[in-house]
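I have a new structure open and want to find my way around it. These are my notes, in the order I looked things up.

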Amino acid sequence: MSPPPSFSSGEDAIAALHSDILQTHILTRLDGAALTSTASTSSRFRSLSSEDQLWRRVCSTSWPSITHPKLQQLISAFPSKHQSFFSDVFPVLDCCSLRCDLDYRYSTTVELISAVDIHYKNKLLFSKVHSIETETNWFLCSPFRVDLIDPKDSIPSPIRRSEKYEDWLGHLEENLTVSWVIIDPIKNRAANISSRQPVKVRRHWLSGEIQVQYTTVMGGDRRAGSAVEMVECAVVVSCGEKEEEGMEMSVTEVSMQMLDMEGKHLNGKDSLGILKEAMEKGKRISAKKGDGKLRYEEYEEMKKKRKARKERIENGLDMLCIFTGIAILLSFSSFIFFST
């Protein structure tokens with residue numbers, strides 16, 4: 001009896017498997033990053049890994065909100081459907097170096113769609129699809145802000161506050177993750193504007209609610225020194241405690257807004273221009289845990305330096321005005337004195 005066939009390596013053994021077995025029992029177990037790596041190994045695996053059902057499963061698992069029928073229809077129009085969507089959304093968005101001409105009126109899309117998913121301890125806590133019209137004068141001129149929860153409502157959650165607030169803030173920072181995907185249905189592009197991991201966790205000084213912030217720093221206006229030279233896309237999740245529920249927390253706010261370097265809200269027109277630029281030209285990069293927080297801290301340092309520089313200029317102008325006023329007063333006094 002002839003000996004059983006031997007393989008020179010595990011890769012040869014896998015390559016010898018039937019395509020149906022590979023697709024059904026192996027590729028379906030991979031996440032998006034692993035599936036992308038597998039597709040780059042050979043032309044055969046690239047062909048097997050391009051099956052849209054594989055990527056649809058990966059995307060639906062990562063972002064449950066996209067199972068909405070409207071989003072499935074939109075994603076089907078992307079160049080490679082769910083694989084293109086994954087390539088747009090999964091990597092970390094890096095668009096600090098981008099600059100927009102905010103004086104130019106962008107041809108706006110009919111709507112801007114948000115697909116939001118919040119996980120607590122890797123379990124889905126909140127999922128919603130939200131769209132806003134972007135052609136109305138109200139949107140273009142008003143401060144840009146998207147709220148997903150009515151102020152009168154709240155979402156029950158399994159989050160329980162610990163005795164020490166300091167410990168609880170750290171717990172939320174480690175266990176609460178947010179994905180906020182924006183979609184342009186005209187250009188068939190998408191991007192995840194959330195930093196995934198929080199960049200800041202704090203207790204609101206008035207309401208006592210805990211605010212967890214996820215921020216992506218973006219390039220803004222082309223004019224150097226402008227307040228919108230850099231902007232922050234801030235996603236905020238607030239958790240409040242109801243008296244009758246003891247230490248159980250409810251999610252009371254899920255919002256997104258665009259702020260300039262002075263903390264002022266951008267209007268809809270400027271926000272849309274920056275977001276569209278980020279979707280179309282922003283780099284998608286791999287990042288380690290904590291990189292988003294580090295970028296935000298660098299941005300905060302830039303804001304402090306800009307504020308200090310602005311104060312020095314304003315103080316200099318104030319002194320110039322004072323000296324000018326004194327000089328005018330002395331000249332006028334001298335004129336009156338000598339004229340008499």
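**Entry 1: methionine 218.** I began with methionine 218 and listed its contacts (heavy atoms within 4.5 Å). Skipping neighbours within four places in sequence, methionine 218 is in contact with Leu93, Cys95, Cys96, Ile193, Met230, Val231, Cys233, Met258, Ile274, Leu275 and Ala278. Then I looked up the nonpolar cores, meaning sets of buried Ala, Val, Leu, Ile, Met, Phe, Trp, Tyr and Cys residues joined through side-chain atoms within 4.5 Å. Buried is under 20% relative accessible area, exposed is over 50%, and partly exposed is in between, with a 1.4 Å probe and protein chains only. The largest core has 50 residues, and Trp180 and Met218 touch the most other members. Another core lies apart from it, with 21 residues, including Leu71, Leu74, Phe85 and Ile183.

**Entry 2: ground rules.** I note that this is a predicted model, where local features need pLDDT of at least 70 and side-chain atom pairs count only at pLDDT 80 or more, while totals for chains, interfaces and linings use all residues. Residues are numbered from 1 along each chain as its sequence is written, and side-chain values use heavy atoms, with hydrogens and water left out.

**Entry 3: the whole chain.** I count eleven helices and twelve strands. These are DSSP runs numbered from the N terminus: helices are H or I with at least four residues, strands are E with at least two. Of the 340 residues, 41% count as buried. Among contacts between residues at least 6 apart in sequence, 65% join residues at least 24 apart.

**Entry 4: strand β9.** How many of the residues of β9 are buried? Ten of its ten residues are. One side carries Ile210, Val212, Tyr214, Thr216 and Met218, the other Gln211, Gln213, Thr215, Val217 and Gly219, and both faces are covered. I remind myself that side chains in a regular strand alternate between the two faces of the sheet.

Next, its partners; two strands pair if DSSP finds at least two bridges between them. β8 (residues 200-203) runs antiparallel to β9 and is joined to it by four bridges. Arginine 202 has glutamine 211 as its bridge partner in β9. The two strands form a hairpin with six residues between them, and glycine 208 in the turn has a positive phi of about 80°. β9 also pairs with β10, antiparallel over ten bridges, and there glutamine 211 stands opposite serine 238.

**Entry 5: aspartate 221.** Beyond its neighbours within four places in sequence, I find aspartate 221 in contact with Arg99, Cys100, Leu102, Ser226, Val228 and Glu229.

**Entry 6: a four-strand sheet.** I traced an open sheet in the order β3-β2-β6-β7, with antiparallel pairing. β3 (123-133) and β7 are at the edges with a single partner strand each, so one side of each has no neighbour in the sheet. Neighbouring strands here are turned by 15° against each other on average, direction ignored.

β2 and β6 pair over eight bridges, one of my checks being isoleucine 118, whose bridge partner in β6 is valine 178. β6 (residues 176-184) and β7 (residues 189-192) are joined by four bridges, and valine 181 has asparagine 192 as its partner in β7. Four residues lie between β6 and β7 in their hairpin, and asparagine 188 in the turn has a positive phi of about 55°.

Isoleucine 113 is in strand β2 (residues 111-120) and is buried, at a relative accessible area of 0%. Its C-alpha is 8.1 Å from that of valine 181, 68 residues apart along the chain.

**Entry 7: helices.** Helix α10 (residues 268-281) lies across β2, β6 and β7, at about 95° to β6. Axes are lines fitted to C-alpha atoms, for helices over the stretch in contact, and angles run from 0 to 180 degrees between N-to-C directions.

Last, I looked at α5 (residues 52-62) against α7 (residues 82-89): they pack at about 40°, axes 8 Å apart. Asp52, Trp55, Arg56, Val58 and Cys59 in α5 meet His82, Gln83, Phe85 and Phe86 in α7.
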